[in-house]
Amino acid sequence: MFTLTRDDGYTISTDPARLDLDRVHHWLSTDAYWALGRDQETVARAFAGSIGFGVYRPVDGRQVAVARVITDRVTFGYLCDVYVDRTERGRGLGTWLAGAVRDHLATLGVRRMLLATQDAHGLYQKLGFTVVQAERWMELDRRNQQ
């Protein structure tokens, strides 16, 4: 398990037992444009098959942010479901979290990471992410199929 604590006491942990999946489900299903309406079982199954990173408040240990990485833990990782509680935004937690994920995966040997974002390009560019060459990537999207 990975743990990292900032000078101000916020802590990141990959301990799955610490993740508040009810809270994560609420955030994603009601306030994250990419996951609106996602059901609780899907959130639980997605985190069970991934590395979940929780950020916890120093005062009471309450979870205030989350990120999930789909990875083989060797060559590739897909960063997704990055969310910071609205009441905690403006403290640099999202940048800190994404940077910690990047650095932790590097210690595992992961050399390539992808992510998709509609509105946070600047945040990820500060961490070394670049726009992909679209013509190299392909997609099979079955989200709208019954």
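Student: Is Glu88 buried or exposed in this structure?

Tutor: In this predicted model, Glu88 has a relative accessible area of 4%, and because buried means under 20%, Glu88 counts as buried.

Student: Which residue forms a salt bridge with Glu88, and how far apart are the closest N and O atoms?

Tutor: The general idea is that side chains of opposite charge can pair when their charged atoms come close. Here the partner is Arg57, and the closest N and O atoms of Arg57 and Glu88 are 3.2 Å apart. Arg57 sits in the loop between strand S3 (51–56) and strand S4 (63–71), while Glu88 sits in the loop between S5 and H3, so this pair ties together parts that are 31 residues apart in sequence.

Student: Which residues do salt bridges that share partners join into one network?

Tutor: That network consists of Arg57, Asp60, Glu88 and Arg91.

Student: Where in the chain do Asp31 and Arg89 lie?

Tutor: These two residues form a salt bridge, with 3.8 Å between the closest N and O atoms. Asp31 belongs to helix H1 (residues 21–31), whereas Arg89 is in the loop between strand S5 (76–84) and helix H3 (93–108), and the pair links distant parts of the chain, 58 residues apart. Asp31 is partly exposed at 26% relative accessibility, and Arg89 is partly exposed as well, at 39%.

Student: What are the relative accessibilities of Asp8 and Arg6?

Tutor: The side chains of Asp8 and Arg6 meet in a salt bridge of 2.7 Å, N to O. Asp8 has 40% relative accessibility and therefore counts as partly exposed, while Arg6, at 18%, counts as buried.

Student: Turning to the helices, at roughly what angle do the axes of H1 and helix H2 cross?

Tutor: The axes of H1 and H2 (residues 40–48) come within 10 Å and cross at roughly 115°, and the crossing in which H1 passes H2 is right-handed.

Student: Which residues of H1 are buried, and what do they pack against?

Tutor: The buried residues of H1 are Arg23, Val24, His25, Trp27, Leu28 and Ser29, and these buried residues pack against H2, S4 and S5.

Student: In what order do the strands of the sheet run?

Tutor: Six strands form an open sheet with mixed pairing, in the order S1-S2-S3-S4-S5-S6. Strand S1 (3–5) and strand S6 (112–115) are the edge strands, each of which pairs on one side only. Neighbouring strands of the sheet are turned against each other by 20° on average, direction ignored. H1 packs on this sheet, touching S4 and S5, and the direction of H1 makes about 80° with that of S4.

Student: In what sense do strand S2 and S3 pair?

Tutor: Strand S2 (residues 11–13) and S3 pair in the antiparallel sense, over three bridges, and the bridge partner of Ser13 in S3 is Gly54.

Definitions and conventions:
Residues numbered from 1 in each chain as written. Predicted model: local features only at pLDDT ≥ 70, side-chain atom pairs only at ≥ 80, totals over all residues. Heavy atoms only, no water. Salt bridge = Lys/Arg side-chain N within 4 Å of Asp/Glu carboxyl O. Buried < 20%, exposed > 50% of the residue type's maximum accessible area, 1.4 Å probe, protein only. Helix = DSSP H or I, 4+ residues; strand = E, 2+ residues; numbered from the N terminus. Axes fitted to C-alpha atoms, helices over the stretch in contact; angles between N-to-C directions. Left-handed = near helix turned anticlockwise from the far one by under 90°. Pairing = 2+ DSSP bridges. Contact = heavy atoms within 4.5 Å.
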